[in-house]
Each structure stands twice: as structure tokens, then as C-alpha cells.
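Open the model in your viewer and keep the selection tool at hand.

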Amino acid sequence: MDLYMMNCELLATCSALGYLEGDVYHKEPDCLESVKDLIRYLRHEDEMRDVRQQLGAAQILQNDLLPLVTQHPQDKPLFDAVVRLMVNLTQPALLCFGKVPQDPGARHCFLQVVSYLQAYKEAFASEKVFGVLSEKLYDLLQLDWEQRQEEDNLLIERMLLLVRNVLHVPADPEEEKSVDDDASTHDRVLWAMHVSGMDDLLKFLASSPAEQQWGLHVLEIVALMFRDQDPEQLVATGQARPAKERGADVRELELLRQKELAEKKSRAFQRGSRHSRFGGSYVVQGLKSIGDRDVVFHKGLHNLKDYSHDLGKEARRVPKRKQPAQEAAPRRRSALNVRLFLREFCGDFLESCYNRLMYLVKDQLLREKAQQHDETYYLWAVAFFMAFNRSRRFRPELVSETLGVRTFHFIEQNLTAYYEAMLLDKMGATSWARRMHLALKAYRELLLTLQEMDGSPDEAVQHSSKIIKNNIFYVMEYRELFLALFRKFDATRQPRSFLRDLVETTHLFLKMLEAFCRGRGNLVVQSKRVRRKQRPRAGRAAPPAQLPAPQELEELWPGLTEQLAACAQGAEPLPEAVVPFDATLETPVEEQRAEAMVRIQDSLLGRRAPAALALLRCAREVWPEGDVFGSPGAAVEEELEMLKQIFFAPVPRQAAPEAEEPGEEEEEEEEVEEEELASVQVSEKEFSFLDYLKRFASASVVKAYVLLLRNYGQNSAHTNHCVAKMLHRIACDLKMEALLFQLSVFCLFNRLLSDPSAAAYQELVTFAKYILGKFFALAASNKKAYVELLFWKSTAGVREMTEGYGSLQEEAGSGARRAPKWTPQEEEELRELYLKYKEREGEDVVGSILAHLHAPRRTPKQVIKQLVRLGLAKSVRDFPRERKGPRLVLWTEEQELELQRLFEEFQGTDDILGNIMKHITAKRSRARIVEKLLSLGLVAERKELYKKRKRKPGLPGRSEDRSPQGPAGPENSAEEEEEEESDSEEEEAAWEEEGAGSRATQGCQEQGGAAWAVPERDVQGLARRLRQGGLAGPLLWLQNCLNRAAEDREEDGTAQPVPLVPLSEESEDAMEVAGFQRLLRKVGVRAPANEQESFWRIPATLSAGQLRRLAASLAREEAEGEEGSPGELGAGAEQGVQARRKRRAPALPEEETPGPEQLPESPGSELERARPAPSQPGPKRSRVSRSQDDEAPDSPGLRPLLGPSLGAGARAKPGSHLPPLWPSLWLGGPWGPG
């Protein structure tokens, strides 16, 4: 950008900073205000960062800001403002733009900002600038915490950020074309930091207990200082080269020399003895050209091996998404003096700072006090400093903070998180892959440190290494990590260097694990197994189990009777380890009870009478309710009768798993699978290294190794050894050499064997010859082996290829899951049935075939596969599955009118939704009808459509008896309550399965008040019994609440749900009584919908007139209840309430109330349910309404109902039925859902 295009206001502001005269910078009087204006301009710049570009083009930082810092450091306000401005100007371009722009114009601006940052870094490579910054930082750190102000802490942080930003600027490859050992811009900045003493201040910040807050800043700066350094090369700086490195260099030079000599020799053999200007033309027999003739070759014979039909063709363009990931830029070696001071810095840092700093950084990462992706600096520090310590003079105490199982766990977690993020974030996949590579390097360095500890002369260090390895090898996640990384390797996102480090780390891990297992007789490790329970598909019933005929059962029973009688009398002992119920499983209790019944029947059918009797008695103790397994005190005769009933009963059993055939799993992946419920079971087992090695024998792992082997010429000798060792393990140790029988692998072997310098890769050459020999030996007996070269094979395919095709089917033929073979008669019958039913339109062909097929029980999948095998059908896709549920989605206007008419017609019935589904013309699912009813505004809540349960005659509420229990007695009342609860649970489960959405609350429906009415006799009967049970006060409170809500709705003309807030202990206790809750449901008050609500609510569907009628029905018997005492039963109940209040822990104040407490309902008589259930000591439920509707407490219909005609702070008179109120009744303000 041209300087003359600068904005005039910005130009005037820059001119007011000052001017440079010679080496002296003269500041203007308005210099401080101008700096603040520049900060303000930067805050309001556009997306293209125009202000930043104009300031960079004008070189404001080089010509004005840096002279101000170096020549006027005593002006503290100006110094603070200038540092703040420089921090803003030097922040990375990636932070300014958010990401690398794809638009050409924005990308040009991005690169322009980067070029200005590189110019800033060149200006900061000055000892004078860093000298001023170091002196200022030193003066601030000298201040005690009592003397240090907030502005001082901000200045310290800004100076650290400034150093971080300068070091973060990337190098310019066009400008820095220097060779190794030459000083780059980054080296000159590091040297300026060293001369000014900034490195010593960083070590002080890292080691000082009083400066813990700067730990992450220091670690980030240190990571940027060493970003171009290799720890092993840094250790060797300034020292004589070890013999090992010199030997490696000699071998590398010898390899290059042999390769050059081999190429010269091959060219000499290809060249003729005399030169000919006419090279000649040749006919290549057996190689066809475009037509039917042989190829005519017009060049010399020595060029024949390079001939290909692809010569002259344009190379196929590889799509961007399929191109291999780019490798990182190669590192260059810094100047010698820089490397010497960095080596000294590393030594001091390890001895005095590393353990403390890493502990602080890890603590901040775990407590989530750091910024996003700050854990990458921690991972880099683990990899770099542990490698430096291992290569220098290994001292494990210097890195003890990061040498433990917790560090392994932290790295494994981050590796998994990075991989998942790489899959989800397609645009940022490259960045996540780099983070994965960083975590893998740290993991590898931990393993190398453990290996170094094994060779330590100190026995304590060796013992510590064994303990760590024992913990690592025991946990399953650490063993499965490398398998997962190989199987999920993606060459388009992860570079080749990641694969190289992964191969070397896996080689090291397997080597350590093999040595660890060799030193032990048996190694026990953790094993996790996922148990999946598949839900049966809708519309397919479980086939009944094949039980013996009734005649056979009659013949078996007499013998079982004698056995059972002997067991019952103690003549034969019963087994002790019988468990009919397993609480650790996620299987529902009802299913386990049915499973116990099946186990008893199987024991009887298997003539195991003692086990059957023991199971019956144990099941009776587990499930005593309902006397399903007999009464608790059952005699021997009753037990025998119960066992006889189970023996002859057709007990429902679970569906047997379908027989699977080879290749069926691949086809099932294309189909919609049933929903699975998975649970992880953790157990222990004896570890086998060979079984673990078999996990690596897969095509995905072999592909990754072959991909790395293709660059065997660029790989190091150690990398090639790691690849050859793993392939040797698969081919020789596991006898799975056929996994390498693939054409691309053989092309690689051909290139290796024809390489002139093949003698340098003797290990690879030997292995390639071994594999080729095995293949040609197999090809002599298996003529299809050449065709198999075209495909990567699984372990099953390898076994069939080597042992004969069909060997797996013969071994699996005797298995229980194996489907029976089709006989010729069954195939002929299948062919006839298919030809008979295939032409009938609108008919299920497979279903008709199954209905008329005389073969043994076949599944639709087996029939379809056999039709494809017989050639009657082309593919499995010719028989598509029917979609579950209706296909109708959109509603027409006629259908909406029909739905509205049906709703009005059946609005007063017990099952509104069921009647609508029966009579609607366009059949739809329950969920679709409910959603349409809600969208049309015909209902306010889903539970208004629930089927209403009718009461049995004689139950409380229908009885004329005035007693609290009624003629039905307490047992029937308890059964009725349990039935209602179970019915409601079944309703909710059914609605969840239909996809009804979130749980709605139960309420009463009312559309215009036309077809809704509450049976007053039921309400009066319930109110009478509650009043006799001592709950007259809560009933009067409820009556006043209904009247208050009716008044509000008459005044407003609108209706909204109103929470019922109990304001006295008596009312709160009544809200927890089952009988009182039944009354609330009866009058239409709905229960809390979910865990976010705490209070019952008067729904908006009740009109003012209905509320008044409900309140009148509650008050109908009030006079009769107030004239005399409520009776002995009521007095007893009231005494029970008072006694329970004395036992209750003192209630907490409103401010200290932790939250609601839900009390369980206990079955019993109506009297017992009328009494408030005793609550356990603990916090009481909050009396503050937290409804979403309470944001406007002054509006009618939204304020809480405070009680019977009492305001806040009022008290009830002695002897009246008005409940006492709490001092604090209502705290206004918006809360979340109640």
C-alpha cells in the first residue's frame, strides 16, 4: 500500500507523534494523545485491517514507536501507551483475520500484514530495544506485592506479550536464503534477548513462587525461542562428535558412493561399443500399440526399460481434497553462538524451572484457566526438554513432574480429542493434525525416557520404570491407542512425518511390551467389553421357542415331582450360588423377572430340579409383590404346584439371533440397523502378546506401513528397520504373509530389487525375496493367487487363499448361528414361489414366499440372498425395506379441517387421540397428529391427549361410605394407586417412543368450555376424606388460590399458568401427600413438568367460571367439617403431623435453602396416604417460585398465590384454619423454570 494513500486523519495523527533528527527523536507535546488515537483507530479498523496496513506501510513502529521506547523510557504514561500500541501492531495475522482467507483480495491483505510483521521483527533485532525492555521489566519485578499496582501488572503482561508476538513472526523464505550456521532474523532476536538479560528474567519468572501467574506466558515464549532447534543437535553443540554419529555419516557417504558407482556401471553396459548416429528402430514383440500391431520403438535399447504408454500424456490432476498433506518446512541450523547460549539456557531451565513450571501449567490446564490450545505448549515442552535431558546426561529427577501415569493419561486424552476434532472440523483438519503430531511426539518421548530408565544403574529408577510400565500395559486404552491411530490414518490430512513417528513409536511400544511379557510368567491386564442389547425391530414379533410337545411334558413331570419333593425335604442339597437378579445390568426389572421365569422352566426341562427349586425361592425373595413366584410362607405343595404351572406354561422368550452368512456384515452396513443400548463391562484377563500382535494383522495397518516404505530412500535406517520389523512380525510370527500379496507391494519390491544401491538396504531386500518366494510357492497350487494380487485382503480372505476356498464355511458349519443350507428341493420350491408372486402388484413378494415356504424357518434376508444367488434377482436392492411409519408429511387444508372436526367431536371422550386415529382418513403417526394439534392451538399440552383411566366401582371417590378408607379398604386403594402410577409410566413411555418430544405435564383439557366438566362428587369425596384426615387448612388454601386465579383472569381477560406456592409447613406437607396430589389432578392442577419446575400449576386452559365451580365444590362440605372435630381419625392424623414436625430438623432460612426435596410415596391405606409422609431430615423445598412466567410479578396471573386472603407477613388467628405464613413470602425478579 502506498504511503500517499494513507487516510488524512491517520496521517495527521502520525505526524503529531514527533520527528527524528539524526539519532535523536524529538516528541511532540501531543505525543501521548496521538498514541492513544492510534490505539482507538486500530480498535475500529475494518475486516481488511486497513489501519494496520497503512501504519505498516508508513513504518510507524520502526521510525517512531521504537525511538520513543529507547529514548524516552522515563515518561511512564507514554511508555505504557507505546507498549500497548506495539502489542496491538505485532499480534499475529492469524489472530487479526481469524483464519487464512480464501478470497484472493482478503488473502493479499493477509500476506501484506505478514510482510509488515516480518519488517517489525527485523527492527526488534536490536540489543538497545531489548535492553530497555529488560531494565523496565527488572524494575517492576523488584517491587513487592504490596507496592506493585494494577498498572504495573498490566505492563509486565504487555511486555511479555510483546516479546511473544515478536518471536511468533514467521521467517521470510525469500529474504532468508542463508545456509546453515548463518544468523537469521530469529537468531539475531534471540541474541539480543540474551545480551540484554531477558533470558535470565524469563528463568526467574519460571522459578519464582511469587510470579506464578506468568507461567503460561513464559512457557509460550520459551517454546517460540526453541521452535527451530532439535534437542539432540543442541546437546551435541560445542562438543566433539561421538563415534556413533561419525559412523552414521560414513555409512551415508558410502551409500551414496555405491549408488553412484552402480549407476555408472549400468550405463556402461547399456551403451554400445561404437557410436552410431542412427540409433535404429525396434519392434517390441508382445507389447501392443493402439491398434493390433506391436509397438515400434525408435530410441536406443538402453531407454527401453523407461518406455510406457503414458509417455507424452498429460498428468492427471489430483483433486485438492485428495492431495497428500504438506510436510513441515525443513529446519535450518542456527548460528553457533546462539546454539551455545540456548544449550546453556536449557540446562539451567531443567535444573531450576522445569518441574515447578510444568506443575503450574498442568494445574491451570486442568482447571481450565488457560486459553484455547494452550496445552500444545505443554506437550511441546514435554517432548523437547525430556529429549534434551535424555541426550545430555540422563537425570530422571529433573523431569519427574512429567514422568508418570498421569502424563500418559493426559496425552492420550488429548490425542483422542484432537482426532475427533479433526473429523468434525473439516476446514481446520490440518491444524488438528499438527496438534496430534505434537501429542504423539510427547508420548514417544515418554516411552524413550522409560526405556532409558530401564538401563539406569540405580535400582530405584529401574523399579519406578517397572511400576509405570505395569500401569500402562495394564490399561486397555494405552494398548489400543496405536491400533486406532493406524486404522484412522488419513494421508490427505496427516503428513508423512506423522506416520514415520507413529511407526517408530509403535515399534518402541511393542519392543517394551514384548520384553515386559517375557520377564513374567503371566501378565493380567484390563479388558473392556461393550455389551449391546438390540431392540427388536418394529413389526417383527419374536418367534416362540421350540418347546416339547404336551405329551412329552406330561411324561417328564412325574419324574420331576419326585426329585422336587426330595429336594424340598432336604434329601438333596440345593445349589447356593443362584442369583435371579443382577443389579449391575441395565436390563429393566420386569425383563429380569421374565428371564428368571425362563431360567426356571429351562432348569425343569433339563431335569435340574434342585436348581429350579432354588431359583424359585430366590426369585420369591427378590420379587415378593403380587405373589408371582408364590406367597412368602408357601408350603411344599404350593411350591410344587407353582413349578408345575411354570413347567407347562408357554413362557415368552426372547427372539433367537438370526443366522448370519459370510459377507452379511458388509451388506448390513448399508441398511438401517436397529437401535442399540451399549454398556461397558470392565474385567481382567491374562494377556497374550501374540494375540495382541494379531490385532495389527489388518489391511489398514499394512497399507500405512507400505505407504511409508515407498520412500525407503529418504527414510532413515532406523525407520526402515521399524517397518521391516513390523512386516516381519506379521509375515513370520503370525504366518500371515498373504496379507502382503498385493500388486502395489510387489511393484515396490521390484523397484527395491532393481535399485542400484540395493546393497545398502539388505534387510529390506531379504524380506522382499522371502515374501516373493512364499507367493510363487502358493501360486503353484492356487491358480487364483494372481487375481488375488489386485485386492487388499482381510484375515478371513488370507486364510481362504492359503488353506483353500470354503474352509471357513466348513469350520463354521457346525455352529449354532449357521443358517441351514438350501437343498435342491428347497431351491426349486423357492424358484416356483418367486415366479408365482413376483408379478402381483402391491404385494410383498418376500412375505408371500415366507408364508408358503415349507423349508425350515428362514429369515427374509436369507430368502433375498438366495434369490440373488440363483439369478432370479439382480441385487438385494430389488427388495427395498418398507419405511417404518407413514410417509405423509404435509397437511392439506382439507386434512386440517377434518382433524379439527374430529377433535371437536371426540373432545369429551376418554381417549381423544385414539378415536381421532381410528376415524381420520389420511393415516398418520401419533406424534404427527399431536404436533398438528399443538400447532393449530387445539390443545396446550401433549398430556391433555393422554387416555383417561376409568375408576373401578367401589373405589374411593365413587363410594357412598363416609369412612376414610371406603368399602374398598386400604389394599384396594394401594392397588389403585399403583395401577394409576404404572399406567402413567406406560403412557409416558409410549409417548417417548412415538417421538412426542419433551415430557409434558398432565393437565385437564378445555376448549371453549364446551365439553369439559369435573365430576363434583369425586372432588367432594376426596375433599371430605382429606378434611377428616386433618388437612382442612390446605384445602381452604387451595380454595382461595383457585378463587384468586379466577379473579385475575376475569380482570385481565387473559390466562397464563399460575404456580401454587405453599407458604406454610402445613400446606407444604399437604403437597407431598398422595391423596392431596390426587385431588389436585382431579381439579385440573398439573404437576411439575420436569426437573426444572418445582411447583404445581393452575393451567391456562381453565376458565374463570370453571375455577370458581372447583372452589365451590371444595367448599361444599366445609361447614360440616368445621362444626365439630374432624373425628378421632382426623385428630390422630393431626397429632401425627404435629409429632412429625417435632422430629423434623429445623428449616433453613430462605437464603440458605439448597433446593427442592422430593418425598417418595409409600403404598398403604387411604388414611396413610392422607397423612403427610414423614420427611427425612434435610433441607426443605424452596418457597420461592422460579417459574419462567415470573418475570413480571406485578401482572395478574403471574404472581404467586400467597394464601387465603392474607398478604405477606400476616399471621393466622388462633383456632382458625388459615395456615401460618413464613416471614419471607416472595422475592421478586426473573428466575429460571420453577
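A salt bridge here is a side-chain nitrogen of Lys or Arg within 4 Å of a carboxyl oxygen of Asp or Glu. This is a predicted model, in which local features need pLDDT of at least 70 and side-chain atom pairs count only at pLDDT 80 or more, while totals for chains, interfaces and linings use all residues. Residues are numbered from 1 along each chain as its sequence is written, and side-chain values use heavy atoms, with hydrogens and water left out.

**Stop 1: salt bridges**

Select Glu-480 and Arg-695. They form a salt bridge, with the closest N and O atoms 2.9 Å apart. Glu-480 sits in helix α21 (residues 476-487) and Arg-695 in the loop between α28 (689-694) and α29 (699-709), so the pair ties together parts that are 215 residues apart in sequence. Helices (H or I, at least four residues) and strands (E, at least two) are DSSP runs, numbered from the N terminus. For exposure, buried means under 20% relative accessible area, exposed over 50%, and partly exposed in between (1.4 Å probe, protein chains only). Glu-480 is buried at 17%, and Arg-695 is partly exposed at 32%.

Next select Glu-397 and Arg-395. Their side chains meet in a salt bridge of 3.0 Å, N to O. Glu-397 is partly exposed, with a relative accessible area of 43%, and Arg-395 is partly exposed at 33%.

Now go to Glu-45. It forms a salt bridge with Arg-49, the closest N and O atoms being 3.7 Å apart. Glu-45 is buried, with a relative accessible area of 11%. A search of the whole structure finds 35 salt bridges.

**Stop 2: the nonpolar cores**

A nonpolar core is a set of buried Ala, Val, Leu, Ile, Met, Phe, Trp, Tyr and Cys residues joined through side-chain atoms within 4.5 Å. Which residues have the most contacts inside the largest core? Select Met-86, Met-193, Met-225, Phe-226 and Phe-385; the core itself has 198 residues. Its largest share, 13 residues, comes from helix α19 (residues 429-454).

Centre on Phe-226 and show what surrounds it. Leaving aside residues up to four places away in sequence, Phe-226 touches Leu-234, Leu-342, Phe-345, Cys-346, Trp-380 and Phe-384, where contact means heavy atoms within 4.5 Å.

Then move to a second, separate core of 30 residues, which includes Leu-1060, Val-1083, Trp-1096 and Leu-1110.

**Stop 3: a hairpin**

Select residues 18-21 and 24-27. These are strands β1 and β2, which pair in the antiparallel sense over 4 bridges; two strands pair if DSSP finds at least two bridges between them. Leu-20 stands opposite Tyr-25 in β2. The hairpin has 2 residues between the strands, and Gly-22 takes a positive phi near 70°.

**Stop 4: a loop residue**

Select Val-579, in the loop between α23 (550-568) and α24 (589-605). Val-579 is exposed, at 53% relative accessibility. Its C-alpha is 8.3 Å from that of Ala-619, 40 residues apart in sequence.

**Last view: the whole chain**

Zoom out. The chain comes to 50 helices and 8 strands. Of its 1234 residues, 44% are buried. Among contacts with a separation of 6 or more, 75% are between residues 24 or more positions apart.
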